[in-house]
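Work through the exercises below with the structure open beside you. Try each task before you read its solution.

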Protein chains: 2
Amino acid sequence: MQEQAYILPQNTSNWRHTEGFLKAIIEILLKYIKDENDRSEKVLDFHHPSDMQTLIDLTIPDDPFDLQHLIEDCKRVLRLGVRTGHPRFFNQISCGLDLVSMAGEWLTATHFRFTYEIAPVYILMEKEVISRMVSIIGWEHGDAIFAPGGAISNLYAMNAARHYRFPRIKPLGQSDQPTLCVFTSEDSHYSIKSAAAVMGIGADNCFNIQTDQAGRMIPEALEEKIIQCKQEGLMPFFVCATAGTTVYGAWDPLHSIADICQRHKLWFHVDAAWGGGLLLSPEHRHRLSGIERAKSVTWNPHKLMGALLQCSACFIKQDGLLFQTNQMSADYLFQQDKPYDVSYDTGDKAMQCGRHNDIFKLWLMWRSKGMEGYRTQVNRLMDLAAYFTAQLKATEGFELVIDPPEFLNICFWYIPPSLRTLNPVEKKARLEKIAPKIKAKMMERGTTMVGYQPDKQLPNFFRMIISNQAITNEDLDFLIKEIIEISKDL
Amino acid sequence: MQEQAYILPQNTSNWRHTEGFLKAIIEILLKYIKDENDRSEKVLDFHHPSDMQTLIDLTIPDDPFDLQHLIEDCKRVLRLGVRTGHPRFFNQISCGLDLVSMAGEWLTATHFRFTYEIAPVYILMEKEVISRMVSIIGWEHGDAIFAPGGAISNLYAMNAARHYRFPRIKPLGQSDQPTLCVFTSEDSHYSIKSAAAVMGIGADNCFNIQTDQAGRMIPEALEEKIIQCKQEGLMPFFVCATAGTTVYGAWDPLHSIADICQRHKLWFHVDAAWGGGLLLSPEHRHRLSGIERAKSVTWNPHKLMGALLQCSACFIKQDGLLFQTNQMSADYLFQQDKPYDVSYDTGDKAMQCGRHNDIFKLWLMWRSKGMEGYRTQVNRLMDLAAYFTAQLKATEGFELVIDPPEFLNICFWYIPPSLRTLNPVEKKARLEKIAPKIKAKMMERGTTMVGYQPDKQLPNFFRMIISNQAITNEDLDFLIKEIIEISKDL
């Protein structure tokens, strides 16, 4: 047996020492995971930036720190961080910590890929999972690329749509072309506007279509705007419908929007970054009826499906289009004279070059649940949302912004007793400041976290997100009690 | 103490069971790392796609698999994968496996970030590391964003450059604007052309400037092309110089290019994705002299610095420009009425929304080495490259494509005995097929891996990359012997 040659950390001379370090890190992580799930532990220990800087030394040293020092660093960072996997952290759409997905991420920390040559198993795994997701969307065939987040997936989709309709823009640019425009609801994710800006279409040529009371795009308003744009000499080509909006969890009416796209020959994209996971529930997937008519779909398994961030995919129905849109003939990377079927190499389909391995953690997690497990998981979350909604309605002082909520976002105000008797104008003005005040106290107490925002003419309200598998009815009761308790003096 | 609520995998009812699963995964990983560094183990066990599909079941099941099944899955995937951290894997620029960086990735598998609110420590850590890297570049101040890979970093830079010069394109699009154009060397990374395509500038308006014998951009050719473009009514605005090209590891003459940019008032970007790490060596950083004059820099710590993929940053000298370029006023995410200094929130600087945590593994790794450790590491790799070059020159049949190589890429041909006496035309024709044949045999044997490609009029040659810390002189000798051995029958 020949000599072994680990890349040992500085100041370490053997494998045993290094192995001991890695095992110590794992012990710290396992303890962290245990504590994170302990409801008697806080969600966070809040410190202002200036205080935080005194609690941890972040400098890059001239000389190496030893492994014991690094272990202490890790402990300190975890202690000062926010426990985003805590069952009472309701602040973001990506919550919770699926442990199988985490194990998958540990394993692939060491791997990367873009050709079959250096990542054979992951390329095949990606094909398998993509083909399953394509059929869940309701397509007979289709292609996809895993991208670093929903914003980049939406960019892939808009770029493919432009290339499909105006293939000369890829080589020649947008300058001598008609002014393109795109449509999305005023409640959609800002990445659609951002994609239009980056792509040289222009943020102002991304039109935000009005939504109804429940946050759903109004199809008549869409068609009116399309016609108006054409009359003004603009060239509409892309419509994004959102399946599960960021704030209200609203479902745009996909069939009506698909009909309009068909009539006006526009690309129909569905941003199901958040809502896509509902496709896994036969009981609830009717909310996304019509998604099968899309030409492209964004679906982030790192949201409802609980995969670790990042895990997002952009699906394109037309085979070959991703490749035609993105390939730049990088022969030095993607040679054609290899000893295997090079159609398995996916590098030229991507805007990126080297890509982080996002497939394994998803695949392993899906195997740990099966289709049935996901069905149960998604249905349970929907039940929790219904429970929370009922509790809010039954508790004095709480008011729903959208009633009933249609997904796992529950938006609500809490009106402290002192405000309840005020006239509407004064009440609204005071209400604007209530959620920020409650949130600030919540962060000081560190017991729970939930986000808030204003919207159009509405004063600041809370947006509750139920996506963490660890949530129970009691956690939801706790949040309600905590808000009432915090607001006593307001 | 209250009830605990882990997100347990399906078919698991308690923490002990789950903890056992995680520990089993760690045991598998530790064994894998050990084996990967054992030179008597193969780099890969090659199977064609059709065979591979019979060796592993990749389907998504209806019912959950139990944890034992998942453990077997993990073992099988690792066994069938390519050991990209093996000291004899020379195939890619990102090689090797820094174990501290890996520990960092394990730890942050559970975390994500974009606001101070939910990721306070990581935001401060990012500020600290960015400010250090900014000063290493040679700037007095500057801003940066960590992006998913060098291609996206280059896109950020080109977009910032366009916004700086033509701020109206962000809202209004490119259509009524002059036809923009950008410049990069013919040896630069294809992501520059890709960015021009995505941004609506047009791939053909990305001009590839001729390089000299060593792969360096010819400044006179650049200036000539700029003048020609202006005469033809195009609007030049962006020049990319490459510090460490992908194939030859060439260094574009930064000062001369900076002078030209100054004369013509163009944005000077340096793509140091690969070469940036050399800035850490006082002995070698003169290769990048002039980088301090850049307005933007791409630098990927996941390449020469050895951080796990992905870890790439785009640096922008002008404070506030990243924010102005990318912000879309997503008030629902980035509220201004928070109880802390919201200038610490970085979300609105990014095109992406949620971002993978790429900072912690870099920070931890850097602390494990210190500035001195990196200096030693980088210098050692440069010494290994010099050793390998000398060995090639001393061994019959080997010819350098670029002599001397200027970085850690060593491009060479091996001319088997049967070809050595042929006339030049026939020799070149036969040589084209030699590297692919050697590579195919190499993959069958599984002992080592090195990439090859053609370039312009040159027949296929090998591109050796020395970036794995575990490489020794003996590994380099082994590659030479192995190529000679494989080629006996050619």
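The exercises that follow use a predicted model.

**Exercise 1. Examine the histidine beside it in the sequence**

Task: Work out which backbone atom the side chain of A:His302 reaches. Then say what surrounds A:His302.

Solution: 
- Step 1. Locate the residue. A:His302 is also in the loop between β8 and β9 of chain A.
- Step 2. Check burial. The relative accessibility is 5%, so A:His302 counts as buried.
- Step 3. Follow the side chain. It comes to 2.9 Å from the backbone nitrogen of A:Cys311.
- Step 4. Look at the contacts beyond four places in sequence. Those of A:His302 include A:Ser94, A:Gly149, A:Leu309 and A:Ser312. A:Ser94 is also among the contacts of A:Lys303.

**Exercise 2. Explore the nonpolar cores**

Task: How many residues does the largest nonpolar core have, and which have the most contacts inside it?

Solution: 
- Step 1. Recall the background. Nonpolar side chains tend to be buried together in soluble globular proteins.
- Step 2. Read off the core. The largest one has 274 residues. A:Phe315, A:Trp366, B:Phe315 and B:Trp366 have the most contacts inside it.
- Step 3. Look for a separate core. Another one, of 60 residues, lies apart from it and includes A:Phe166 and B:Ala147.
- Step 4. Zoom in on one residue. A:Trp366 touches residues of chain A, among them A:Val129, A:Leu280 and A:Tyr374, and also B:Ile60 and B:Pro61.

**Exercise 3. Describe the interface**

Task: How many residues does each chain give to the contact, and how many salt bridges cross the interface of chain A and chain B?

Solution: 
- Step 1. Count residues. Chain A gives 163 residues and chain B gives 163 residues.
- Step 2. Take the area. The two chains bury about 14,800 Å² between them, with 65% of it on carbon and sulfur atoms.
- Step 3. Count the polar links. Eight salt bridges cross the interface of chain A and chain B. Also across it, 37 residue pairs are in polar contact.
- Step 4. Find the main contributor. Helix α1 (residues 15-36) of chain A gives 14 residues, the largest share of the side of chain A that touches chain B.
- Step 5. Inspect one bridge. A:Glu27 and B:Lys23 pair through their side chains, at 3.6 Å from N to O.

Terms used:
Residues numbered from 1 in each chain as written. Chains lettered and ligands numbered in written order. Predicted model: local features only at pLDDT ≥ 70, side-chain atom pairs only at ≥ 80, totals over all residues. Heavy atoms only, no water. Contact = heavy atoms within 4.5 Å. Helix = DSSP H or I, 4+ residues; strand = E, 2+ residues; numbered from the N terminus. Buried < 20%, exposed > 50% of the residue type's maximum accessible area, 1.4 Å probe, protein only. Polar contact = N/O pair within 3.5 Å; in protein donor to acceptor, adjacent residues only side chain to side chain. Core = buried A, V, L, I, M, F, W, Y, C linked by side-chain atoms within 4.5 Å. Buried area = accessible area lost by both parts, 1.4 Å probe. Salt bridge = Lys/Arg side-chain N within 4 Å of Asp/Glu carboxyl O.
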